[in-house]
Amino acid sequence: MKNYLQSIEKRIGVEDPAVIIWEVDAAFREAIQESPESLTQRALELHELVRFCKFDAIAPWLRDQREAVGRVLAFTRKLNIDKVADILEAALNGEPQDEVSFSVTLHGQAPRILEVDAGEITKFAGKDWGGTDIALSFAISELEDSVLHALVVASREFDLRPPLEVRQRIASDAEADGIVKNATAAKLFNEIVSAKHPRMLAGPYEDIKGRVTDRAITISLKHIKNPPAKHKDLVRLEKKYGLFAKEILDVYALHNGAKLFEYENACGFYMASIEEWDDLRNDAITWAEEVTWQEDKDEIPAYLYSAIAFGMIPGDSERWLYITEGKHAGKVMLSDTDLIDDEPRFESLAHFFATLQNDAPKIIGSGGYVHYNVGDEHLCPIQYLQDQRAQT
């Protein structure tokens, strides 16, 4: 990636601006930690705007960074972001926005007012600024887009490296692309379950993001594979799902499901048997219809109803889907996250297994629920060490 800030331009209007803002903030924070003198005054000014876009509550800003709020106000006035500007101007004048109440409707129940006490975080100068926080949250997207555009323009003045997490993801994706050029999904799956000495570097939760291994320990894992699927079931499913099902059916011709990355009965990834596919897909459909799109069921992607729900991460409500029809046929998605964005996570099942083999925590850590109990510690997967023999 030649210029990280320039690359943001193609993502504006396509991705959630808040996601990009958080990513850029991580890049700034890493740059400050590694070489603070490398950032120009303009870079620091833009980082201040980025930080404000991430705010959780306005009260701490009014108390501790009042001048920064004034600079954000000036930026919004200059670009005619009037909703945000009016809210900030009122805040600097000591005028909170009106309190806001929300009603919640649960399936089969009457609407009711949602009462949540945010605590002292919303309090400042004897006033509650919760209403201001809510008002800003509804108006902030225009400011986020404007800050991102300003970063793209500023890329001519200074550069910023992608954050470590992004660099790791790019490297992992590149390695997976290389692996699938010479291997099918079935071959890669067989290599995973046939590993003689599968091991995992596991460490504290806070070390996951940067893949920090300083405090990690090595634990021995098991892959528990089922017998091959019955031939008659494979023939039936090929007729049911059509051409695009061949890749996944070839995998199940080897083993009808498996428990992967297991340690002391804690499974890292559960690959469902053919007999469980319908139940897992129904789980995903129920969640889509009763939670995510409960008011807009017609917005649910049609390909969900014909997808093969082949796996899950224990403790996670989402299901891993192999898409069998439509524009994403042959690709792998995670309900509900990927369906909302209509963006496949893997281009093929081969890419999925290549990543599971080469960078397993990228998949089994996606739900944030997998951990291994080692003594009194709860450790999370950080790096998979396939076929690495125990150190003596």
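## Charged side chains in a predicted model

At 33% relative accessibility, Asp-250 is partly exposed; the class runs between buried (under 20% relative accessible area) and exposed (over 50%), with a 1.4 Å probe and protein chains only. This is a predicted model, in which local features need pLDDT of at least 70, side-chain atom pairs count only at pLDDT 80 or more, and totals for chains, interfaces and linings use all residues. Residues are numbered from 1 along each chain as its sequence is written, and side-chain values use heavy atoms, leaving out hydrogens and water.

**Salt bridges**

Asp-250 pairs with Lys-246 in a salt bridge. The term means a side-chain nitrogen of Lys or Arg within 4 Å of a carboxyl oxygen of Asp or Glu. Lys-246 is partly exposed, at 47% relative accessibility. Helices (H or I, at least four residues) and strands (E, at least two) are DSSP runs, numbered from the N terminus.

Helix H9 (residues 185–193) holds another pair, Glu-191 and Lys-187, four residues apart, or about one turn. Glu-191 is partly exposed at 29%. Lys-187 is partly exposed at 41%.

| Acidic residue | Basic residue | Closest N and O atoms |
| Glu-191 | Lys-187 | 2.5 Å |
| Asp-283 | Arg-319 | 3.2 Å |

Asp-283 forms its salt bridge with Arg-319. Asp-283 sits in helix H12 and Arg-319 in the loop between S10 and S11, so this pair ties together parts 36 residues apart in sequence. Asp-283 is partly exposed at 34%, whereas Arg-319 is buried at 9%. Elsewhere, salt bridges with shared partners join Arg-77, Asp-82, Asp-86 and Glu-89 into one network. The whole structure has 25 salt bridges.

Glu-318 is buried but has no salt bridge; Arg-345, the nearest side chain of opposite charge, is 6.2 Å away. Contact means heavy atoms within 4.5 Å. Apart from neighbours within four places in sequence, Glu-318 contacts Met-312, Leu-334, Ser-335, Asp-336 and Thr-337.

Glu-144 is in helix H7 (residues 130–154). Glu-144 is buried and lacks a salt bridge too; Lys-54, its nearest side chain of opposite charge, is 11 Å away. Beyond four places in sequence, Glu-144 touches Pro-17, Ala-18, Ile-21 and Cys-53.

Glu-295 is exposed, with a relative accessible area of 60%. Glu-295 lies in the loop between helix H12 (277–292) and strand S10 (308–312). With Asp-296, Asp-298 and Glu-299, Glu-295 forms a negative surface patch. Such patches take residues with over 30% relative accessible area and no salt bridge, joining like charges within 9 Å and nonpolar side chains (Val, Leu, Ile, Met, Phe, Trp, Tyr) within 5 Å.

**A buried valine**

Val-84 lies in helix H6 (residues 82–92). Val-84 is buried, with a relative accessible area of 0%. Among the residues Val-84 touches beyond four places in sequence are Leu-136, Ala-139 and Leu-143.

**The whole protein**

The protein has 15 helices and 14 strands. Of its 392 residues, 47% are buried. There are 44 positive side chains (Lys and Arg) and 67 negative ones (Asp and Glu); His and the chain ends are not counted.

How values were computed. Areas by Shrake-Rupley, 256 points an atom, 1.4 Å probe, with all protein chains shown as cover. Charge placed at Lys NZ, Arg CZ, Asp CG, Glu CD.
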